[in-house]
Amino acid sequence: MSGLVVQNLSVRLGRRAVLDGVSFTATKGEMIGLVGVNGAGKSTLLRALVGLLPSHGTMEVDGVDLRRISAGERARRIAYLPQEREIAWPIAVADLVALGRTPHRKPFAPLAHADLEAIDRAMARMDVEHLRAVPATELSGGERARALIARALAQEAPLLLVDEPTAGLDPGHQIDLMQVLTDLTAGGTTVLVCIHDLALAARWCSRILLVDAGTIKADGLPEDVLSHEMLGSIYGITAHIAEVDGRTIIQPLGRV
Ligand SMILES: Nc1ncnc2c1ncn2[C@@H]1O[C@H](COP(=O)(O)OP(=O)(O)OP(=O)(O)O)[C@@H](O)[C@H]1O
């Protein structure tokens, strides 16, 4: 089938089963929010999908078994934004974003026209064009986050995995980013986004996977998964939940 198929995915780290029999499918053009408390296993799921962790179980993208393809082929199918925003050397923003094209290029080949277009598109989407020549080590936290997201977007892979992409972004850029991700899904990209901001998750995601202690505890529409009961039992919080223009609005209020 087209899209992502995950069946019985398990990850052990040390003596712990950090992911335990995770199964779900994501069809083309879905924007799926991964929510859950700290340590639930959300980042581990993304890292297993990109092959950064040893895992067991089935992982397929568009019918292709991810375990049977090279790292380069995998990188043409999956783009990944890690949670860490560290950039250790003073690479110019345009060169950082260009790294997203690596899976599409022959070793040492110059950037092709298609690469340059993808880089420009990604920088425009993340509003970092004006920072093109700035060393990444001289960016603010939010600017650095936007440059790193642009690098992932430049990869133009059919599956985009992003770990807390809105962390550190101002409210305007948070909305811009969620709109960019939505536009990508309209073009057929499948997006998995780890997100703690339940207001953004409810407003923008077409579906929510609730990760709890390494398993998928709930999988459904935001208004079904992000209920008062779930917010109380999983997060131990109360919230104001309303509907505006057909969208679920969530405002966390306090502890249960
Ligand atoms: N190298 C490791 N060895 C053992 N346990 C690990 C290792 N790395 C992560 N873990 C554990 O795996 C669990 C899941 O971590 P993960 O980063 O996937 O959680 P998360 O849901 O993304 O959390 P957060 O919301 O805090 O980002 C945590 O309990 C963490 O302590």
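Colleague: Which residue of β2 stands opposite L4?
Modeller: A26 does. The model is predicted: local features need pLDDT of at least 70, side-chain atom pairs need 80 or more, and totals for chains, interfaces and linings use all residues. Residues are numbered from 1 along each chain as its sequence is written.

Colleague: Why are β1 and β2 called paired?
Modeller: Strands pair if DSSP finds at least two bridges between them. Seven bridges join β1 (residues 4-13) to β2, so the pair qualifies. The two strands run antiparallel.

Colleague: Why does β5 count as a strand?
Modeller: A strand is a DSSP run of E with at least two residues, a helix a run of H or I with at least four, and both are numbered from the N terminus. Two bridges join β4 (residues 56-61) to β5, antiparallel. In one of them, V61 is partnered by V64.

Colleague: What lies around the ligand?
Modeller: The shell has 13 residues; L13, N38, G39, S43 and T44 come nearest. Near means a C-beta atom, placed from the backbone, within 6 Å of the molecule. β2 (16-26) and α1 (42-49) each give two or more residues to the shell. α1 gives the most, with three. By class there are three nonpolar, eight polar and two charged residues.

Colleague: What makes A147 stand out in the largest nonpolar core?
Modeller: A147 is among the members that touch the most others, along with V97, A150 and V193. This core has 75 residues. Helix α5 (residues 141-154) gives the most, with eight. A core is a set of buried Ala, Val, Leu, Ile, Met, Phe, Trp, Tyr and Cys residues joined through C-beta atoms within 7 Å. Buried means 20 or more other C-beta atoms within 10 Å of the residue's own.

Colleague: Which residues does A147 touch?
Modeller: V93, L96, V97, V128, L131, A136 and L139, leaving aside residues up to four places away in sequence.

Colleague: Where does UniProt place the feature "domain: ABC transporter"?
Modeller: The unreviewed entry puts it at residues 4-238. Such annotations may be inferred rather than shown by experiment. Over residues 4-238 the chain is 35% helix and 26% strand. The end C-alpha atoms are 33 Å apart.

Conventions
Nonpolar A, V, L, I, M, F, W, Y, C, P; charged D, E, K, R; others polar. Buried ≥ 20, exposed ≤ 12 C-beta atoms within 10 Å, placed from the backbone. Contact = placed C-beta atoms within 7 Å.
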